[in-house]
Amino acid sequence: MIRLMLVLSALVLALTGAALVIGPANAPYWDSLSALVVDDGTPLTLVMREIRLPRAILALAIGASLGMAGAAMQGYLRNPLADPGLIGVSASAALGAVLAIQTGLAAAFAFGLPLAALAGAVLGVLLVLALAGPRGASITLILAGIVVSSLAGALTSLVLNLSPNPFAASEIVFWMMGSLADRSMDHVWLALPLIGLGLVLLATLTRGLEALTLGEDAAQALGINLTRLRLTLVGGTAAVVGASTAVAGTIGFVGLVVPHLLRPFVGARPGALLGASALGGAAMLLAADILVRVVLPTKDLKLGVVTALVGAPLFLHLIYKTRRQLA
Amino acid sequence: MSRFDRLCCAVAGCLATVSPAVGQVAADPGVPAAPPERVVSMNLCTDQLAMMMADDGQLHSVSYLSQQARGSALVEQARQYVPNRGLAEEIYLMDPDLVIAGSFSDRTTLDMLRRLDVPVAVFEPAGNLSDIRDRVRRMGAVLHREEAAARMVARFEARLADLAAQAPPAGDRPRAALYSANGWSSGGKTLPGQIVTAAGFDLVADDFGLAWGGFLPLELLAMSDPDAVITGQPYPADSRAEEILDHPVVAHLKRDSMRGIVSDQDWSCGTPLVLDAIERLAQARRMATGAGR
């Protein structure tokens, strides 16, 4: 367990370094890092501090958020198919964010954007949890997720199509696929407080999720307050997913792939999986964000495209396995 | 046959059998044999040329975009005409003897107007400064205002030569970057690029091989450290595409005396009005280099 965390931490550290030195400006690695620390008056400092650093921080924080939220939802629902992107929480958060931007709420009040996305995410989680029920049977969970995703996606498209700004309609793809291109420190300060709060909330679920593996009655007998557990889960997930989506759009599959890959290494303990998935999610998103910069540097290839190419085959494999269990 | 009947016929596609083709079109398609007396223009840029050149009472209607301050350089003048939204029905009912359209106007609309025997002159947008002379001359030809066009071309060339004489020599020219939504940067083979070079700047996009324009990553813009960054006027309501123009890096690069320069209405069309844009830009360059160097 400790060895796994060390390996993952080393991986995240290495990928953060790579994310900081790789980019279209193509400066020598060592010069880039020294320009980040010491302001040498060259444009490279500007590039490092205002473009690459915020991008790396956001990839780190958002990856950790999505990984941990996925692990928490899977632990609570005891269902490996749960993922905030797949079940519509991200799509509802995107709707909240788009509404805030187009109504001017985001411009009128500093935290209007992440808070509106949070509100959207809360609605999405509540709707899906209510539809899927406490045990979260796979079929109802996925069906509820599809409906919430499509509805939120359709409304997002509608709002953007009604915007007087001619560029808004082309942004539908950003809100559906996600990107970290050209984000600035402003976005970091916008997202980080809420992400931090959400990660702390989710981290407190460790003991509750472990107890829940014995069943709800046994968990209650162990002194776990299920209502509080549920509220913390909803609040934590909505906070991290809302803040992430507000600045980076919808990035799917991270919360599905990462817990699935790491589960065998933590002895399938959902509590231990939380921390490991946070690190794993950060590593996955950093790697994806490096990849989009290397493959198509000028085209702003969307992050969600990369994560879906990795995640969708795995999701199909999981459905196949669950189908056998159901039959 | 009443005009309404003919309109219905055109919609049903039966006109070809009812009415013979007119065939009075000269070598330049769209140049009418006699001076047109009721002209409808349905494109922002042909509107500008037509308003600058038409005889009194010759122009009847311009596109509604020309009456909106966001893109139009001649709002006040355009409000004297009837606005149109480029729909075949409304234009046909205006009973024009010449319709002037841009090559991006709706083809089906233009085809229907032609089927209804309305002469249509289509103008390609001017892609660079030298195209502007051709467009002015052609507008003069279709409106039968050749003399006005010749005068306008002469004035245009004189002012342009004047500006070229004031521009600093190669090697002493400050570098400017045109930067618009999604990080698009126009180069020296585009009209906005030529406005900037005519004002005495070198273009950053040309250094990156983007003479026809292209996406310039924010990092490369920062590394090129331009003397001026020229962004456009944002549209109403926020969009992520335009958010890049408020990025701290762009704000940092725009910090000094050149920051007020934006590409506005005078940049949007290839007409002699671009000279005003070039003059403002050249003035800003003189102030910046006079103070800074």
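In chain B, the centres of domain 1 and domain 2, taken over C-alpha atoms, are separated by 30 Å. Domain 1 of chain B covers 21-154 and domain 2 covers 169-292, with bounds from an automatic or database domain assignment. This is a predicted model, in which local features need pLDDT of at least 70, side-chain atom pairs count only at pLDDT 80 or more, and totals for chains, interfaces and linings use all residues. Residues are numbered from 1 along each chain as its sequence is written, while chains are lettered from A and ligands numbered from 1 in the order in which they are written.

The contact between these domains of chain B takes 18 residues from domain 1 and 13 residues from domain 2, two residues being in contact if their C-beta atoms, placed from the backbone, lie within 7 Å. On the domain 1 side, α3 (44-53) and α7 (129-143) of chain B each supply at least two residues; helices are DSSP runs (H or I, at least four residues) numbered from the N terminus.

Between the chains, 22 residues of chain B meet 26 residues of chain A. The largest share of the chain B side, 5 residues, comes from α11(B).

Within chain A, 12 of the 15 residues of α4(A) are buried, so this helix is largely enclosed by the rest of the structure; buried means that 20 or more other C-beta atoms lie within 10 Å of the residue's own, with C-beta atoms placed from the backbone. The buried residues of α4(A) pack against several helices of chain A, including α6 (112-132) and α7 (138-162). Just after α4(A), Gly104(A) takes a positive phi of about 90°.
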